[in-house]
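Here is a short briefing on one structure. Take a look at the sequence and model first.

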Amino acid sequence: MTITFRVEDGRAILAPMAAIITPDQLASLRDLLAEQSLRLGFAMLLPGYGLTGDPWFGFDARVCHLSLAVVSKCFDHDPSVIAILDEAQFLGRRVRVAQTDPTGDITMRLSLNPGAAPEIALADPKALALLDGLGIDRMTAGMVPMTELRRRLTDPRIRHRLDSDPDMAESIETLATMAALKPIEGEYLLAWI
């Protein structure tokens, strides 16, 4: 199993309502994201669970780096999709595409994750070791305010403990990048599940 560490904006506002998309529109979006990932040099599609075509799947898509018109074209400029894309770009968030029932609809909604934030996916033992190193209770799911992560990353005792493990170097660098992100309002959270 793996535990994924990510940044959330702490606001559970998931409006507007989810939009229903077709398999062809999903394929068009995936093609666009793959093309733009090559052009921009970073992943635009961030896997959540399952694969497209599985009975259950979900992923986040970074849409803030693309124009609204380019992305909405994948959905034949559907107004319900445009509302979600517009809100995602306004708030600087990703969009979540998922199918949670094998016979259900494929939906798109606003994600809780900031668009530019990195993620870390670690095997359970490494993730739990990272939590131990940070001095955070060993839970397979949880969250802490980003100010707390910043405090822990700058605490000399904690930093020495983390720096003494060479396997943690890449994770610590990514956590520092996450901690440096500043929201427009409120506070980000470090979440793991």
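Proline 47 has phenylalanine 59 in β4 as its bridge partner. This is a predicted model.

**Strand pairing**
- Strand β4 covers residues 57–61 and pairs with β3 in the antiparallel sense.
- Four bridges make up the pairing of β3 and β4.

**The sheet**
- Five strands form an open sheet in the order β2-β6-β5-β4-β3. Their pairing is antiparallel.
- β2 (19–21) and β3 (45–49) stand at the edges. Each has a single partner strand, so one side of each is left without a neighbour in the sheet.
- On average, neighbouring strands of this sheet are turned by 35° against each other, direction ignored.

**Helix α3 on the strands**
- Helix α3 (residues 79–91) lies across β2, β5 (93–99) and β6 (106–114).
- Against β6, helix α3 runs at about 5°.

**Helix α7**
- Helix α7 spans residues 169–180, which is 12 residues. From first C-alpha to last it reaches 17 Å, close to the 16 Å expected at 1.5 Å a residue.
- Ser171, Ile172, Thr174, Leu175, Met178 and Ala179 of α7 are buried. Seen down the axis of α7, the buried residues fall within an arc of 165°, so they line one face of the helix.
- Glu170, Glu173 and Ala180 are exposed on the other side of α7.
- The cover over the buried residues of α7 includes the strands β1 (2–8), β7 (120–123) and β9 (189–192). It also includes the helices α4 (124–134), α5 (146–154) and α6 (156–163).

Conventions:
Residues numbered from 1 in each chain as written. Predicted model: local features only at pLDDT ≥ 70, side-chain atom pairs only at ≥ 80, totals over all residues. Heavy atoms only, no water. Helix = DSSP H or I, 4+ residues; strand = E, 2+ residues; numbered from the N terminus. Expected span 1.5 Å × (residues − 1). Buried < 20%, exposed > 50% of the residue type's maximum accessible area, 1.4 Å probe, protein only. Arc of directions from axis to C-beta. Contact = heavy atoms within 4.5 Å. Pairing = 2+ DSSP bridges. Axes fitted to C-alpha atoms, helices over the stretch in contact; angles between N-to-C directions.
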